[in-house]
Amino acid sequence: MSIVIKELTHVYSPRTPFEKTALDKVSFTIEDGDYFGIIGHTGSGKSTLISHLNGLIKLTGGSIVVNGIDLSKKYDYKKLRSEVGMVFQYPEYQLFDETVERDVAFGPKNMGLSASEIADRVEYAIKLVGLDYDKIKNRSPFELSGGQMRRVALAGVLAMRPKILVLDEPTAGLDPRGKKEILDLTLKIKEHCPTVIMISHNMDEIAAYCNRIAVLGGGKLEGVFTPRELFGRSDLIERMGLSLPTAALIAKKLRDRGVQISASDEDELVSAILNARRASHA
Amino acid sequence: MRDVSMGQYYPTKSIIHRLDARIKLLLVIAYIVMLFFIPTVDNYLAKGGNLSDYVIKASCAFIVVMLFFIVSILLSRVPIGKVLKSIKAVLFLVIITAAIMLFFYSGSASHVYFQRGIISISLEGIISAAVMALRLFLLVIGPSLLTLTTTPVELTDGLERLLKPLTLIKVPVHDIAIIMSIALRLIPTLIEEADKITAAQKARLAEFDDGNIFKKVKAMLPVFVPLLVSSFRRADELAYAMDSRCYSGATGRTRMKVMRMRLRDFVAMFVMAAVFFAVLVFVYDFFGVTTLLVNLVGIAL
């Protein structure tokens, strides 16, 4: 089970003056159990790419196979969309129902599940996102705080029990603490939903949470890297208009000043600096 | 999505596109008035004219208008298909009108080819139908050239400037214009928003085209409710943003893009006036031009 993307190409408004190639022959594979990052600037084709994964954008060039479902042939889109949970940017803006419980039940209901199964899943999902089920289930989603709303929206997708979860900038518009909470939550979710794909343009997030990272620029794939490989490619990061994660950036600045250390996250940086100090004192 | 936000606007940077929006609006009005100066068959015959004179006058006038229109399209560099597309919406109307004219012509008819009950096909009816179809066609397609070559924002700006005299009788022209511009500005935003919400609900397996009309409306709720909520949010934010930039309506406000008449605008007006005059010359037989033509045709035959 995996996502295999081959030569994926998508052109918006073809054969008009507004024609724009959003994706140009993008090929890569996402394995089961990956926490897969997709990074790139605005307009790099990230959103177009993930909208293909659950058939929201019709495949027009190339091929995609998601968990054995070949999107270039006729397929059961209900099955596909239950397998691939999609959480868009600012998902709290899609809340609509009178109570949290009913809103979260929307997906499972559309799947045609039994009432008891729906109730089970709603409770499971609300608890999974760290909310108090009994307290929140009968409240209106519109009277919650921003952070709570985002969790409810997330629960609405998780209640469908997807095997692959796609998150488009899940931390957009949150304060640093809210960001960390949501990202840590994704790790908890990953225990239930083995494959997580996250779009971001924040290198710190991608570095800390993803095991593999695809870099997109202007609709083209620049490569798939592990975090460590990627941070060694400062030429690419600069060309893409991205910045190194803070820890790697500090390490690089220290290296430029003659301190021989390397680090890709905060813990590594701290121990590397301590080691370097010890070495220079010795 | 783009279709609605830009109207029919087709960008080519041609001279027609660069004309002042006010002038284009005025020219379209003149164009429409001009079309109505070409009389109908009934009208002409009722005033004691004869049919062959009418045919020559009307065809000359129509040829002038069509030439003018074709040259305008060529200058605008908008593909002819795009221009013709606008006729599609009213094609049905044109056909029905022409058919009624053709089969139920009730005026005095000199040549009747077919008669049964109230249905009669006559030479006058045929000419009537042709003139009516041609006139409707030109009537619809002219303004569409305006919307094809002018952005909605330019149009509202132009309209605001043209309607400015109405402020004298306390019509809030500026406010109306700003409401229109904001509405136009927000259409693409709302459509984008609606697309996003629709995508999100589709990802949760929402179905939008199942069942009867009531079911469909109910199915749209998961899109409408968030859309409504976000429009209110947007309206609030926009009001704050305008307030904090000291927006206070029309008083003391200057424009970033000052509309200025250029040589091309005067040339355009001159051309329009010339075409209008030519139509009048043919229709009203100024200087005996049409009489001369009638005689020439007579000799040729």
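User: Buried means under 20% relative accessible area, exposed over 50% and partly exposed in between (1.4 Å probe, protein chains only). Buried or exposed, which is B:Thr156?

Analyst: B:Thr156 counts as buried, because its relative accessibility is 3%. This is a predicted model, in which local features need pLDDT of at least 70 and side-chain atom pairs count only at pLDDT 80 or more, while totals for chains, interfaces and linings use all residues. Residues are numbered from 1 along each chain as its sequence is written, chains are lettered from A and ligands numbered from 1 in the order in which they are written, and side-chain values use heavy atoms, with hydrogens and water left out.

User: Where is B:Thr156 found?

Analyst: In helix H9 of chain B, residues 152-163. Helices (H or I, at least four residues) and strands (E, at least two) are DSSP runs, numbered from the N terminus.

User: What does the side chain of B:Thr156 reach? And which residues does B:Thr156 touch?

Analyst: The B:Thr156 side chain comes to 2.9 Å from the backbone oxygen of B:Val153. That is a polar contact: a pair of N or O atoms within 3.5 Å, where within protein one must be able to donate a hydrogen and the other to accept it, and residues adjacent in sequence count only if both atoms are side-chain atoms. Leaving aside residues up to four places away in sequence, B:Thr156 touches B:Met180, B:Ser181 and B:Leu184. Contact here is heavy atoms within 4.5 Å.

User: Staying in chain B, where does B:Val223 lie?

Analyst: B:Val223 is in helix H11, residues 213-244. B:Val223 is buried, because its relative accessibility is 3%. Beyond residues up to four places away in sequence, B:Val223 touches B:Ala194, B:Ile197, B:Thr198, B:Gln201 and B:Phe208.

User: How many residues apart are B:Val223 and B:Ala194 in sequence?

Analyst: They are 29 residues apart in sequence, and 6.8 Å apart in space from C-alpha to C-alpha.

User: How is chain B divided into domains?

Analyst: Domain 1 takes 2-150 + 261-300, and domain 2 takes 160-244. The bounds come from an automatic or database domain assignment. The C-alpha centres of the two chain B domains are 37 Å apart, and their contact takes 5 residues from domain 1 and 5 residues from domain 2.

User: What does the domain assignment of chain A give?

Analyst: Domain 1 (2-237) and domain 2 (245-282). Their C-alpha centres lie 34 Å apart. The contact takes 6 residues from domain 1 and 7 residues from domain 2 of chain A.

User: Changing topic. Which residues form the nonpolar patch on the surface?

Analyst: B:Phe92, B:Ile96, B:Ile100, B:Phe103, B:Phe104, B:Tyr113, B:Phe114, B:Ile118, B:Ile119 and B:Ile126, with about 990 Å² of accessible area together. Patches are made of residues with over 30% relative accessible area and no salt bridge; like charges are joined within 9 Å, and nonpolar side chains (Val, Leu, Ile, Met, Phe, Trp, Tyr) within 5 Å. Areas come from the Shrake-Rupley method with a 1.4 Å probe, and for residues only the protein chains shown count as cover.

User: Where does the largest share of the nonpolar patch come from?

Analyst: H7 of chain B, with 4 residues. Helix H7 (88-103) and strand S1 (112-116) of chain B each supply at least two. B:Ile96 sits in helix H7 and is partly exposed, at 38% relative accessibility.

User: Buried or exposed, how does A:Arg151 count?

Analyst: A:Arg151 counts as buried at 13% relative accessibility, whereas A:Glu181 is partly exposed at 39%.

User: Where do A:Lys252 and A:Asp256 lie?

Analyst: Both are in helix H11 of chain A (residues 246-256), 4 residues apart, about one turn of the helix. A:Lys252 is partly exposed at 28%, and A:Asp256 counts as exposed at 58%.

User: Last one: what does A:Leu56 touch?

Analyst: Not counting residues up to four places away in sequence, A:Leu56 touches A:Ser51, A:Arg81, A:Phe88, B:Ala199, B:Lys202 and B:Ala203. A:Leu56 is in the loop between H1 and strand S4 (63-66) of chain A.

Definitions and conventions:
A salt bridge is a side-chain nitrogen of Lys or Arg within 4 Å of a carboxyl oxygen of Asp or Glu.
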